[in-house]
Amino acid sequence: MYVKDRMVKDPVCIGPDTKISDALNKMIDFHRMPVVDDQHHLLGLVSAGMIEESTATKTTSLSIYELNYLLHKMSVEEIMIRDVVTISPDALLEEAAVLMRKKNVGCLPVVDPEGKVIGIITHNDIFEAFIDLLGYYQKGARYVILVDEDKIGVLASISACMRDMGASISNLAVYHTVRGIEVVVIASKTDCKEGLEKAGYNVTSVIERN
């Protein structure tokens, strides 16, 4: 899965001369916005948190009228992050997740080879992809199979067993846990536990999903 498959395409962007008050109005739906020039090249990034941080020290000394005046006077160029971490649309989604964690950021502007903003991907987009990858919304059943030995052909054998019971597999994942190796299978049928156990598999959990 690639970044381009999960990113928000053509995100709302603002220019460096945009007043902070105007930026705040646009952040009702978008909490982070790329700052771009007239050709849509990335110049920086601004978020609601940056605005809050930049005005926090002034709130105790300014009246509400003075603060409003300040927000209408200041531009995002004065508070935006200029050294923005970006990613390519053709990067793997895993790369985006690792980069966000490594750099401790909540979003990545997606830029083309010319440095133009074509999308943005956030940690929420990563979470949604993770949920879809594990088949959380798929109908059927979620089987957890504890595998005693990591050997060649285990997944093929489980898949064949499910096939013989007429079950279609939509999602499959393998976890290395303190309990051992767990194979999680999302299948269309909810009555496969007995068949799996007869085939010698240790089914530790079955959760039906409608």
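A crossing of two helices is left-handed if the near helix is turned anticlockwise from the far one by less than a right angle, and right-handed if clockwise. I wrote that down first, ahead of the helix pair below. The model I am reading is a predicted one.

**Entry 1: the pair α5 and α6**

I looked up how α5 passes α6, and the crossing is left-handed. Two packed helices are described by the angle between their axes and the distance between the axes. I found that the axes of α5 and α6 come within 10 Å and cross at roughly 135°. That angle makes α5 oblique to α6. Next I asked which residues of α5 and α6 meet. On the α5 side I noted L93, A96, A97 and M100, and on the α6 side H123, I126 and A129.

**Entry 2: the open sheet**

I then turned to the sheet. I listed three strands in the order β1-β5-β4, in an open sheet with antiparallel pairing. Which strands stand at the edges? They are β1 (8-9) and β4 (107-111); each has a single partner strand, so one side of each is left without a neighbour in the sheet.

I checked the pairing of β1 with strand β5 (residues 117-122) and counted two bridges, in the antiparallel sense. Within this pair, K9 stands opposite G119 of β5.

Helix α5 (residues 93-103) packs on this sheet, where it touches β4 and β5. I noted about 130° between the direction of α5 and that of β4. Helix α6 (residues 123-133) also packs on the sheet, touching β1 and β5. For α6 I noted about 65° to the direction of β5.

**Entry 3: the two sides of α7**

I asked which residues of helix α7 (residues 154-164) are buried. I found V154, I158, C161 and M162. They cover an arc of only 95° around the axis, which puts them on the same side of α7. On the face turned away from that buried side I found the exposed residues A156, R163 and D164.

**Entry 4: residues in loops**

I looked up H40 in the loop between β2 (32-36) and β3 (42-47). Its phi is near 75°, a positive value in a residue other than glycine. H40 has a relative accessible area of 32%.

I looked up N104 in the loop between α5 and β4. N104 is another residue other than glycine with a positive phi, here near 55°. Is N104 buried or exposed? Its relative accessibility is 70%, so N104 counts as exposed.

Last, I looked up S75 in the loop between α4 (64-73) and α5. S75 counts as buried because its relative accessibility is 9%. I then asked which residues S75 is in contact with, leaving aside its neighbours within four places in sequence. I found P16, D17, T18, K19 and I20.

Technical notes
Residues are numbered from 1 along each chain as its sequence is written. This is a predicted model: local features need pLDDT of at least 70, side-chain atom pairs count only at pLDDT 80 or more; totals for chains, interfaces and linings use all residues. Side-chain values use heavy atoms; hydrogens and water are left out. Buried means under 20% relative accessible area, exposed over 50%, partly exposed in between (1.4 Å probe, protein chains only). Helices (H or I, at least four residues) and strands (E, at least two) are DSSP runs, numbered from the N terminus. The arc is that of the directions from the helix axis to the C-beta atoms. Two strands pair if DSSP finds at least two bridges between them. Contact means heavy atoms within 4.5 Å. Axes are lines fitted to C-alpha atoms, for helices over the stretch in contact, and angles run from 0 to 180 degrees between N-to-C directions. Angles under 35 degrees count as roughly parallel, over 145 as roughly antiparallel, 65 to 115 as roughly perpendicular and the rest as oblique.
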